[in-house]
Amino acid sequence: MLIRASFLPLLGLCAAAASSSGSAGASSSLPAPTASEFASGSGAPAAATPVTSAAPTASATLIPTVVSSPGALAVTTGVIASSLGYSSLVPVVPYTFSPFPVPSQPAAPNAFPAVDPSKPPPPGSTLIPNFQPAWSAAWAKAKKKVEKFSLEEKISVATGTGWENGRCLGDIPPIEPVNGRGWPGLCLEDSPLGVRNADYVTGFPAAINAAATWNRTLIRERGLYIGREHRGKGVNFALGPMTNMGRIAQGGRNWEGFGADPFLSGESTYETVLGMQESGVGATVKHLVGNEQEYKRTQETSDIDDRTMHEIYAHPFLRSVMAGVTSMMCSYNLVNNTYACENDKVMNDIIKREYGFQGFIMSDWQATHSTISPITGLDMSMPGDIVFNSGTTYFGSNLTSYVQNSTIPESRIDDMAIRIIASWYFLHQDSPSYPSVNFDAFKTDSEETNEHIDVQADHYKLVRTMGAASTVLLKNTNNALPLKSSLRSLVIIGSDGGPGRTGPNAFVDQGGDVGVLAMGWGSGTANFTYLSNPLDAIQARARQSRTSVNWLLDDWDVARAGNLARKKGAAIVFINSDSGEQYITVDGNQGDRNNLTAWHNGDNLVLAVAAQNNNTIVVAHSVGPLILEPWIDHPNVTALLWAGLPGEEAGNSIADVLFGDFNPSGRLPYTIAKDLADYSAQRIIGGRSQDIIAIPYTEGLEIDYRHFDAKNITPRYEFGFGLSYTAFGYSNLKITKLPSTDRAQSNLISAWEDGKASPIVAGSSSALWLHRPAYQVTFSLRNTGKVAGGEIPQLYLNFPPSANEPPNILKGFTDVLLKPGESETVTIYLSRYDLSIWDVVKQGWVRPSGSIGVSVGASSRDLRLKGKIPS
């Protein structure tokens, strides 16, 4: 939207909605976006015909072939937005460019200390790290470096070498001499849970498990260790974390993200980025934005209104910017009818202007759509070629031609190169001690290019702890768990309870489901160096009490399973459900799950065992929610443990919980419904192979638990729910307004308190006055049970009717470990941002009129204490 009028034929905007004299990318000279601009999107999809020769002239025209449709093709089929295929090149005209101004923030060392990414504040700190001095120093070095480069060299900084043309999944070529005027280039590598396509690495718990811990310290440590392993392999930028919101329960890559709430996802993203970049490796937050299903992910437009974009889907990216993130990855899909990697509103206005992002935006692999995309905010094309191994590129020589014929100003090329190299300096990767690439993602067995460097250290300890801490106890009738030392016999039922038939890496990118499920499939995976399975771990632990252990790992012999369970002290049934990325199909599931049913006959297996054993315990390793109704109320199903995707220590971590060596403190990062139809959004399918389908986000702010609350739908297990082997009591809620010491921005604070919107300036959404603690919430928490345990107190805001928000909105949480009978005063802070809603007319954050309630409790539906925000 923030595009000069001469670009409107490409982006499909009304001339009145843009400035005829503004320069694309220059936030200081652009008009404020309006709500209608964002709601209508940035325009038509870019041309599918690749530009592989000289740049087109200004007289070129775009004639899209549009397929209209009177409505939905079927109940689950989206409206056809358009059809791919264009008869001409994208029309281009000369542009001007001015760099985005650096956000202005006041000095506040006690609240906003200057911080280097290698020394972030501790997890959960109220300090807001000020990375601006480090960014300024890095930009100064980058400018000095880039000014010595030729045009072709500057463009090479932004252009990948092409698929399989290097040792990493993405490579930026060096400029010689690397130790002089040049630089060594970059290695970009998956994944969000470990180093992909490498050996001697750790298979960490998936991000969905990290979120299920609701524990900032563990999430930070996971990020740090993932970063150290990438660095140890010579990676410059790790392609994670992933922040998709889990809008649809069947979404194939939901497990790569941090759950279905923007606050939980945002805090998890923040801690992960701080941890990763403390190691010296760059974090890449993805996918920007709206890549919420795998079906037709490159041919669907996610139509998201302005308010929903700001309050839900863009929020984790804002938190990543506040954590000093160095790179982002734009997604495959379209956003409001414009491809995400060409979306000026998202990349230029929200990310670079409003959030004040000073790093760079790369494309997802093969998600660059034209040579004009640098104007709309794209800084790097990955992996460089238009189609894998095609030998063609939208950047490279084509981008050189666009500069030489004055289509794109060289100042924008400078900006791209500076952003990339400044990120490299920001992380101190210019240090001689930074490792060189020592593995080969495409030739893992090569002795010439893979040095087999072991980067695991003792990270398995964290994996085991986080696997246990992320396990959610959903049912525990008559204290069936933990297993008693007096237990004489138990049986393990189900293939998920044992090892795979041919080892943990039998399938490329984990594209199969045999044995215990410890991660999903796709590019967000890593190879297992080893994999602990439940059968071995339970047997080893059971020997301490001399318990007899039997097993049946056949999911389909239900009669035998039931008979084997007879007269056993406990029968533990393992079930699972898998998903992943769309380029792999597993059991007919092309990325997204076809349904929310347990795989491998899981429901029938549970019923068969429960029919003959009155102490049937179910363990679920699942990428996301399952419909549990066939058996969850069976009187013989006494316990349910939700283990998610715990990583390489899957067996040991579940044994720790089963036997009580670890008291479960995990909480659900999403809602488990009684019926798939109860969720607010469903997977959209349909359309011909050439069609772009529309996915309207009509539920707006009401995703996951917000929808269940707003529509008064009873879930099976609500968001934030989880039991413990002990119990906790809440009392003595106090809410206090903190005195403001921010004299430099007192006028902004006063305006906000009067109901006025935050101003439209660079860095407006990441401003210190908006995010520093403004209110203090305290309450007492007591362990009223008989064993030590951890509780996850959660704080939800209840906005007034004027806000048009869902009934309960998560805005705070912490983790507290207490001994039996022990009490602690818990403190959670709220910022002005927490109390704000996005005003689509004023394009800023405002405090809604009316009283704002505060609810504190153990889940989104177990709220024990209530109060009000003082005026």
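Student: How many salt bridges does the structure hold?
Tutor: The structure holds 37 salt bridges. The model is predicted, and the count is computed from its atoms.

Student: Why is the pair of glutamate 410 and lysine 154 called a salt bridge?
Tutor: The closest N and O atoms of glutamate 410 and lysine 154 are 2.6 Å apart. The cut-off is 4 Å between a Lys or Arg side-chain nitrogen and a carboxyl oxygen of Asp or Glu. The pair of glutamate 410 and lysine 154 is within 4 Å, so it counts as a salt bridge.

Student: Where in the chain do glutamate 410 and lysine 154 sit?
Tutor: Glutamate 410 is in helix H12, and lysine 154 is in helix H4. They are 256 residues apart, and the pair links distant parts of the chain.

Student: Is lysine 154 buried or exposed, and what makes it so?
Tutor: Lysine 154 has 6% relative accessibility. Buried means under 20%, so lysine 154 counts as buried.

Student: And what makes glutamate 410 partly exposed?
Tutor: Its relative accessible area is 34%.

Student: Why does the pair of aspartate 190 and lysine 286 count as a salt bridge?
Tutor: The closest N and O atoms of aspartate 190 and lysine 286 are 3.6 Å apart. The limit is 4 Å, so the pair qualifies. Aspartate 190 is in the loop between S3 and helix H5, lysine 286 in strand S5, 96 residues apart. Aspartate 190 and lysine 286 are both buried.

Student: Which residues are linked in a network of salt bridges?
Tutor: Arg253, Glu256, Glu294, Arg297 and Glu581.

Student: How do you know that cysteine 168 and cysteine 187 form a disulfide?
Tutor: The S to S distance of cysteine 168 and cysteine 187 is 2.0 Å. The cut-off is 2.5 Å, so the pair is a disulfide. With -105° about the S-S bond, this link is left-handed. Cysteine 168 lies in the loop between helix H4 and S2, cysteine 187 in strand S3, so the pair ties together parts 19 residues apart in sequence. Both cysteine 168 and cysteine 187 are buried.

Student: What is the handedness of the disulfide of cysteine 330 and cysteine 341, and why?
Tutor: The torsion about its S-S bond is about 105°, so the disulfide is right-handed. Cysteine 330 lies in strand S7, and cysteine 341 in the loop between strand S9 and helix H10, so the pair ties together parts 11 residues apart. Cysteine 330 and cysteine 341 are both buried. A search of the whole structure finds 2 disulfides, and the pairing is 1-2, 3-4 in sequence order.

Student: Why do S2 and S3 count as paired strands?
Tutor: 3 bridges join S2 to S3, and the two run antiparallel. Pairing needs at least two bridges, so S2 and S3 qualify. Isoleucine 172 stands opposite leucine 186 in S3.

Student: And how do S3 and S4 pair?
Tutor: In the parallel sense, over 2 bridges. Glutamate 189 stands opposite alanine 238 in S4.

Student: What makes S2 and S10 edge strands?
Tutor: The open sheet has 6 strands in the order S2-S3-S4-S5-S7-S10, with mixed pairing. S2 and S10 each have a single partner strand, so one side of each is left without a neighbour in the sheet. Helix H12 packs on the sheet and touches S3, S4 and S10. The direction of H12 makes about 110° with that of S10.

Student: How do you know that both faces of S3 are covered?
Tutor: Leu186 and Leu188 on one side are buried, as are Cys187 and Glu189 on the other.

Student: Why is helix H8 called largely enclosed?
Tutor: 8 of the 8 residues of H8 are buried, so the rest of the structure largely encloses the helix. Among them are Arg307, Glu311 and Tyr313.

Student: What caps the N-terminal end of H8?
Tutor: Aspartate 305 does, with a side-chain oxygen 3.1 Å from the backbone nitrogen of arginine 307. The polar contact limit is 3.5 Å, so the distance of 3.1 Å falls within it.

Technical notes: Residues are numbered from 1 along each chain as its sequence is written. This is a predicted model: local features need pLDDT of at least 70, side-chain atom pairs count only at pLDDT 80 or more; totals for chains, interfaces and linings use all residues. Side-chain values use heavy atoms; hydrogens and water are left out. Buried means under 20% relative accessible area, exposed over 50%, partly exposed in between (1.4 Å probe, protein chains only). Helices (H or I, at least four residues) and strands (E, at least two) are DSSP runs, numbered from the N terminus. A polar contact is a pair of N or O atoms within 3.5 Å; within protein, one must be able to donate a hydrogen and the other to accept it, and residues adjacent in sequence count only if both atoms are side-chain atoms. Contact means heavy atoms within 4.5 Å. Axes are lines fitted to C-alpha atoms, for helices over the stretch in contact, and angles run from 0 to 180 degrees between N-to-C directions.
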